[in-house]
Amino acid sequence: MAKLLLDKSQFRAAIKEAMQGREAKDASFSLAWSNGDLRREHFARWAENHYHYVGPFADYLAHIYANAPDHATEAKDFLLQNMYEEELADIRHTDLLIRFAEACGTTRERVQDPRNMNPVTRGLQGWCYATAMRSNWVAATAALVVGLESQVPDIYRRQYPPLLEKYGFSEDEVEFFELHITSDEVHGERGYEIVMRHADTPELQNTCLEAVRDAADMRFSYTKALYDYYVRDFKHADPELAAVGSV
Amino acid sequence: MTEWIKAADLAPLQQRRKLMVSVAGQDIALFYAGGTVYALSDICIHKQSRLSRGLVFKGKVVCPGHQWAFDLKTGWVDQWSKCQPVFPVKVEHGVVYVLPEPQVRETEPAAHERFCETG
């Protein structure tokens with residue numbers, strides 16, 4: 001039987017449902033973070049990985065922008081606005097991430113060195129590039145902006161207060177998180193606008209739902225892997241492997 | 001009694017959709033959206049970025065600093081329940097006038113008071 005086109009409220013509800021049960025705020029690293037169970041060196045490892053996931057975000061969006069047709073002017077503008085705010089509007093968002101990383105005891109050089117990310121992060125980054133470059137541009141927006149970016153406010157609303165109250169960081173050191181509570185709400189909403197307007201067939205709506213589901217799975221796996229690699233109480237006997245982490 | 005002061009000609013604001021002006025010693029960001037002119041204090045109440053460098057999205061000006069999204073009409077930001085000062089505006093014969101008396105809400109505006117409902 002042919003699928004029917006969902007109206008906007010049904011489609012939005014279906015997107016939310018596609019993310020349920022696989023949201024990164026519920027992954028082991030996020031829970032340990034909220035519970036006050038992490039130490040500064042864990043946050044340092046998080047920052048060294050997170051940089052390679054979010055650092056190229058404007059690259060990802062630029063590929064989607066290029067794949068979007070000329071007549072989707074407003075959608076292209078929304079993508080450009082997200083890129084502008086990530087990189088140029090004021091302070092570069094990754095510079096705030098590095099400020100936090102330095103407060104955790106690591107360095108700009110270590111954060112920017114791609115050899116310091118674990119293989120799951122490398123997989124997430126590669127998936128983001130591949131999705132942006134090769135998927136339908138609306139589905140790619142659904143994946144990266146809705147499936148990944150729109151989750152951020154919910155994650156950081158939980159994780160920002162313990163950074164101040166349990167882990168003892170200053171407001172200046174954790175500006176990255178405060179910023180993203182609001183910025184990714186705006187960015188995610190722009191993504192929703194694009195997907196709601198341009199996913200205009202049942203098939204494309206379904207593709208978008210699958211893309212959102214995949215994206216949520218990717219972010220969940222990435223977040224869980226941070227716990228598995230850097231927090232779980234396991235050390236290799238071999239010093240070289242121990243330096244890499246557990247698993 | 002405070003008087004209306006000429007802030008800008010309407011035509012360039014219609015073209016550019018936003019403009020920073022200085023009125024009675026106050027930096028004010030003018031926005032043209034939905035056929036209406038709105039005036040907000042240009043300096044963000046959060047961390048002093050300039051709203052005139054921000055973008056308008058769904059009836060809100062998004063601050064370039066931390067993307068606080070202020071309702072164009074009321075200055076209200078939902079995420080933090082705070083308010084950017086706004087100024088009364090009138091347009092006569094192609095000229096934008098501003099009353100340089102900042103207005104700040106203490107409480108959340110009702111839906112019908114916001115840009116999205118009326119703009």
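A:Phe177 touches A:Trp33, A:Trp46, A:Phe100, A:Tyr156, A:Tyr160 and A:Leu163, leaving aside residues up to four places away in sequence; contact here means heavy atoms within 4.5 Å. The model is a predicted one, in which local features need pLDDT of at least 70 and side-chain atom pairs count only at pLDDT 80 or more, while totals for chains, interfaces and linings use all residues. Residues are numbered from 1 along each chain as its sequence is written, chains are lettered from A and ligands numbered from 1 in the order in which they are written, and side-chain values use heavy atoms, with hydrogens and water left out.

A:Phe177 also turns up among the residues with the most contacts inside the largest nonpolar core, together with A:Ile15, A:Trp46 and A:Leu144. That core has 84 residues. A nonpolar core is a set of buried Ala, Val, Leu, Ile, Met, Phe, Trp, Tyr and Cys residues joined through side-chain atoms within 4.5 Å. Buried means under 20% relative accessible area, exposed means over 50%, and partly exposed covers what is in between (1.4 Å probe, protein chains only). The most is given to this core by helix H12 (residues 202-230) of chain A, with twelve residues. Helices (H or I, at least four residues) and strands (E, at least two) are DSSP runs, numbered from the N terminus. In soluble globular proteins, nonpolar side chains tend to be buried together.

Next come the rings. Rings of Phe, Tyr and Trp (its six-membered ring) pair if their centres lie within 6.5 Å; planes under 30 degrees apart count as stacked, over 60 as edge-to-face and the rest as tilted. The count comes to 24 aromatic pairs over all chains. One of them, A:Phe57 with A:Tyr60, is edge-to-face, at 5.3 Å centre to centre and 65° between the planes. Both residues sit in helix H4 (residues 57-67) of chain A, three residues apart, or about one turn of the helix. B:Trp68 and B:Trp80, on the other hand, are stacked, with 5.6 Å between centres and 20° between planes. B:Trp68 is in the loop between strand S6 (60-62) and strand S7 (69-71) of chain B and B:Trp80 in the loop between strand S8 (76-77) and strand S9 (82-83) of chain B, so this pair ties together parts twelve residues apart in sequence. B:Trp68 counts as buried at 4% relative accessibility, while B:Trp80, at 27%, counts as partly exposed.

Ring pairs also build a cluster in chain A, with A:Phe29, A:Trp33, A:Phe43, A:Trp46 and A:Phe169 among its members. A:Phe169 has the charged end of A:Arg40 over its ring, 3.8 Å from the centre. Likewise, the charged end of A:Lys76 sits over the ring of A:Tyr65, 4.4 Å from its centre. A charge sits over a ring if NZ of Lys or CZ of Arg is within 6 Å of the ring centre and within 35 degrees of the ring normal.

Back in H4(A), the residues A:Phe57, A:Ala58, A:Tyr60, A:Leu61 and A:Ile64 are buried. They cover an arc of only 155° around the axis, which puts them on the same side of H4(A); the arc is that of the directions from the helix axis to the C-beta atoms. The buried residues of H4(A) pack against helix H3 (40-54), helix H5 (73-87), helix H8 (119-134) and helix H9 (137-148) of chain A.

In chain B, four strands make an open sheet in the order S2-S3-S4-S10, with antiparallel pairing. Strands pair if DSSP finds at least two bridges between them. Strand S2 (18-23) and strand S10 (86-87) stand at the edges with a single partner strand each, so one side of each is left without a neighbour in the sheet. Six bridges join S2(B) to strand S3 (residues 26-33), and B:Met20 has B:Ala29 as its bridge partner there.
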